[in-house]
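Student: Hi! I have this one open in the viewer and would like to talk it through with you. Can we start?

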Amino acid sequence: MTDDAGHPQPEVLYEVSDHVATITLNRPERRNALNWNAYALLEQALRDASADNDVRCVVLTGSDPAFCSGDDVMEIMAGPKKFASPKDQMTVSHKPTPAAMAALECEKPMIAAVNGAAIGWGMELALYADIRIASANARFSEMFIKRGLVCDVGGFYRLPAIVGPAKAAELLFTGDIIDASEAERIGLVSNVVAHDALLGEAYALARRIAVNPPLALRFMKEGLSRSAYGDPQEIGAWAIATIRRLMETEDHKEGVASFLEKREPVFRGL
């Protein structure tokens, strides 16, 4: 994406105003799908927000028309730098997705302003936020199963606590897409607003949070994280190890091929 002068813009934008950091995924031509560079920039922005004493709240969003459509399939799953196979490297131990851990470890309250599709890792990113507000245009799906994969740490660690184990299982097992009203009904998002009102609503809430004592906010968030079940580092490492294994299967290759060829996949359990 370029600015009005034709200069290329970063794939992730970061700005701070009135103690609120805004992180915007900025690949609208790819519906904010994440490539390797965008993952790295997102991780850095989250680390910067956590470390900046001037930041008291974080708003995550995407450049219209999408929030985040997940991994860039052409680069992450089918490109020359696709997810490395265990056969191609001496893997001693697997580590969680760095951007996922940067989100989970961010010490500042985080609001996801979901302005459009939040698919695959895009839904994961929304789950890492403490609060989710959706525009009426928002759509959600943990679509990993459709690619022959498992979800990242968000689907295992956060989703069951937010919507309940049975609904989480349904969303993960089916890969179904749900709209904003259904997301509100099951408690995935706090509220749904008109698309043009989304950022105003998110910033109003962020400012209400940011006026409170910064140290108390940090400890309040830590207390909430301590109440969650399981260790996100361990869950995230298991998820990545499993994803790497599944990326060697014929079903995963069929999932990618069918997506690129715009046809229904035929899975064989291989």
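Student: Leaving aside its neighbours within four places in sequence, which residues is Leu42 in contact with?

Tutor: Happy to go through it, and keep in mind that this is a predicted model. Leu42 is in contact with Val12, Ile23, Leu25, Leu60, Ala99, Trp121 and Leu125, once neighbours within four places in sequence are set aside.

Student: Nice. And which residues have the most contacts inside the largest nonpolar core?

Tutor: Those are Leu42, Trp121, Phe140, Leu159 and Leu188, in a core of 58 residues. There is also a second, separate core of 14 residues, with Val59, Ile111, Leu198 and Leu217 among its members. As a general background, nonpolar side chains tend to be buried together in soluble globular proteins.

Student: Switching to strands: what is the order in the sheet of six?

Tutor: The order is S1-S2-S3-S4-S6-S9, in an open sheet with mixed pairing. At its edges are S1 (12–17) and S9 (191–193), each of which pairs on one side only. On average, neighbouring strands in this sheet are turned by 20 degrees against each other, direction ignored.

Student: How do S6 and S9 run, parallel or antiparallel?

Tutor: Parallel: three bridges join S6, residues 131–135, to S9. If you want a pair to click on, Ile133 has Asn191 in S9 as its bridge partner.

Student: And the sheet of three strands, what order does that one have?

Tutor: That open sheet goes S5-S7-S8, and its pairing is mixed. The edge strands are S5 (117–119) and S8 (178–179). S7, residues 139–141, pairs with S8 in the antiparallel sense over two bridges, and Phe140 stands opposite Ile178 in S8. Helix H4 (residues 121–128) packs on this sheet and touches S5 and S7, its direction making about 100 degrees with that of S5.

Student: Now Cys57. Why does Cys57 count as buried?

Tutor: Because its relative accessibility is 0%, and the cut-off for buried is under 20%. Cys57 is in strand S3, residues 57–62.

Student: What is Cys57 in contact with, leaving aside neighbours within four places in sequence?

Tutor: His19, Val20, Ala21, Lys108, Pro109, Ile111, Ala206 and Ile209. For Pro109, the C-alpha atom is separated from that of Cys57 by 5.0 Å, with the two residues 52 apart along the chain.

Student: I'd like to check the backbone too. Which peptide bond is cis, with omega near 20 degrees?

Tutor: The one from Asp64 to Pro65. Pro65 belongs to the loop between S3 and helix H2 (73–77).

Student: What about phi of Asp18 and Arg31, positive or negative?

Tutor: Positive for Asp18, near 55 degrees, and positive for Arg31, also near 55 degrees. Asp18 sits in the loop between S1 and strand S2 (20–25), while Arg31 is in the loop between S2 and helix H1 (36–51).

Student: Are they buried or exposed?

Tutor: Asp18 is exposed, since its relative accessible area is 59%. Arg31 counts as partly exposed, because its relative accessibility is 40%.

Student: Last one: which residues in H11 are buried?

Tutor: In H11, residues 250–260, the buried ones are Asp251, His252, Glu254, Gly255, Val256 and Ser258. Lys262 follows that helix, and its phi is positive, near 55 degrees.

Conventions:
Residues numbered from 1 in each chain as written. Predicted model: local features only at pLDDT ≥ 70, side-chain atom pairs only at ≥ 80, totals over all residues. Heavy atoms only, no water. Pairing = 2+ DSSP bridges. Helix = DSSP H or I, 4+ residues; strand = E, 2+ residues; numbered from the N terminus. Axes fitted to C-alpha atoms, helices over the stretch in contact; angles between N-to-C directions. Core = buried A, V, L, I, M, F, W, Y, C linked by side-chain atoms within 4.5 Å. Buried < 20%, exposed > 50% of the residue type's maximum accessible area, 1.4 Å probe, protein only. Contact = heavy atoms within 4.5 Å.
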